[in-house]
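Subject: Structure handover

Hello,

Here is the structure you are taking over. My notes on its pockets, its cavities and one of its strands follow below.

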Amino acid sequence: MADIVIQNGRLITFNGPDQQALAITDGLITAVGSDADMAPHLAGAEVIDAEGATVLPGFIDSHVHLFQGAVEATWVKLFGIRSKDKIAEAVRARSKAQPEDKIIFAIGMSHGCMDGAEPDRHHMDDILRDRPFAAMHAGHHTVWANTKALEAAGILDGADVPDGCEVVMGEDGKATGVLNEVGAFGPVLRLTASGARELAGYETGSNPVPPPSAAEREADKTLIELSLKQIASKGITGLHNMDGNFYQLELLAALEAEGRLTARTEVPMHFKNFDSIDRLSEAADMRSQYSGDMVWSNRVKMFMDGVIESRTAVMTRPYTDTGTLADPLFSQPFFDEVCTKADAMDLQIAVHSIGDGAVHRVLNGYEAARRANGPRDSRHRIEHIEVLLPSDLPRFAELGVVASIQPPHGPGGGYFDFGDAEDSILRAEELGWNYPMRRLLEAGAKVILNTDWPVVPIDVLPSIHAAVVGKDLPAPWVDDRLTLRQALAAYTRDNAWVEFNESRKGRLSAGMMGDVVILDRDIEAAPLSQLNQAKVRATLLGGRIIYDRTSQNADFG
């Protein structure tokens, strides 16, 4: 007897032919086949009529920042606003509504948003002068702060910051208000209501200091739970966090124990460039303490560079507008040593690498580990790959390295405004190797897709639309769009594979976890141009309905 039977669907199983129906019993898929095949499983089961819509394995978003996204949901939203007056209107409204907050913080501010001018502390003062105010770029690598915020954070006169970070200083000897990378803007974020507890896993990889109180822990769990409801409404049943510490693992484990965790979540150990290699023992401790189906750790995360917009992405040639070269966050010898040690410990590695120089260095580190330890099924990852050296294309398949890419971020994704700014920073030949999804796949690499939420919304179907439909791009950009099946596989089957769970999830077949998403239409029958109009009708986690669009309580979507 099954608990749930889904009938009359268009099941993309990623395990042989498409089917019509499936049954779930005790959290596992127990049968997949035609509607007629489900007859023995109907007695006592809850039957869901998919009404001819697409049914898939639950989506897995393999690059997110869960705790950060939960906190940022409470900030002022400035996405797409490029008028100083409009920004001021939104910020002053929040300031009036929350007079007791130490700082008004916003997310989604963009370069050139001050009516075409680059923001600085004087612009920020014009928007809000009498109390601290700061705003983060959508890419999360730059914060702009007003004078009051810089004073409150103790950095108006500058600060010593880690390598790769910068408190930009003006000719007057004062900070300009531009803060590049987390080591520079961390003191400003610590003024927020959360005390930047969400930042600790990103900034240091250690637990928040001072240790959170019981009330703060409860507040953090509540914020995460609210975001998990939104995540469930997008058909997502699995997450790979890209920052981590024991505190986040503790929060998620507590939510699981209380029945409030609705996404299977992996949390890495975040290794920083200022760490001793001995700190990798923490990754082993995390793995030994957290190895369940809902919360686990088996990965080391690192950063090799920053981002192109702030000229902190490591390129092989100087930026065309500044003539500067960004410094890598790790020296090659030290990075090779860390990779070799982590690989020898059977840990997976994921590294943020945006510039072609950073990607090249990370491939070198993985090659060094392979040379020292011998080949193994490591599934090491490179995150972003915004620009690639053509000569490095075949190395992904040769070294078994996974390309982890965020389609909405790219020039064809339609989310960010590409054009003049990128043209002034990169050369034509570099733009031609921008987000090379299809070329990596055709070269034999495993390509996985994700959002990097909260950089963009945690919404899988628009992300798939960006990968498949996107925008037509002029030369020198190259058409690297995927087929619909390729993109769907990259968000389900292949994201399960990259977490070493291909035998348990990511496919619709007997014995697999009952993680299933039902859409509101047959997306293969509709025009591709309408792909981003599709919605999730229901999400099942382990055979439990965690989102039902038809329910009166379905507030998301």
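A pocket, on a 1 Å grid over the protein atoms alone, is an open set of points with protein on both sides within 12 Å along at least five of seven lines, while a cavity is a set where a 1.4 Å probe fits but cannot get out; lining residues have an atom within 4 Å of a point. Grid points are joined across faces, edges and corners, and a volume is the space filled by probe spheres set on the points.

This is a predicted model, in which local features need pLDDT of at least 70 and side-chain atom pairs count only at pLDDT 80 or more, while totals for chains, interfaces and linings use all residues. Residues are numbered from 1 along each chain as its sequence is written, and side-chain values use heavy atoms, with hydrogens and water left out.

The second largest pocket

Its lining has 22 residues, and G69, A73, K77, Q230 and W453 are those nearest the centre. Two elements give two or more residues to this lining: helix 1 (66-72) and helix 7 (214-232). Helices (H or I, at least four residues) and strands (E, at least two) are DSSP runs, numbered from the N terminus. Helix 7 supplies the largest share, five residues. The pocket's volume is about 430 Å³. By type, the lining has 14 nonpolar, four polar and four charged residues. Here Ala, Val, Leu, Ile, Met, Phe, Trp, Tyr, Cys and Pro count as nonpolar, Asp, Glu, Lys and Arg as charged, and the others, Gly among them, as polar.

The cavities

The whole structure holds three cavities of 30 Å³ or more. The largest has a volume of about 70 Å³, and its lining includes D343, Y366, R370 and H380. Helix 11 (residues 356-373) gives the most to that lining, with three residues. The second largest cavity has about 40 Å³ of space and is lined by P57, G58, I60, T237, K505, G506 and D515.

Strand 1

In strand 1 (residues 4-7), I4 and I6 point one way and V5 and Q7 the other, and all are buried (under 20% relative accessible area with a 1.4 Å probe, protein chains only; exposed is over 50%, partly exposed in between). Strand 1 pairs with strand 5 (residues 46-49) in the parallel sense over four bridges, and I6 stands opposite I48 there. Two strands pair if DSSP finds at least two bridges between them. With strand 3 (residues 21-25), strand 1 pairs in the antiparallel sense over three bridges; I4 stands opposite I24.

Regards
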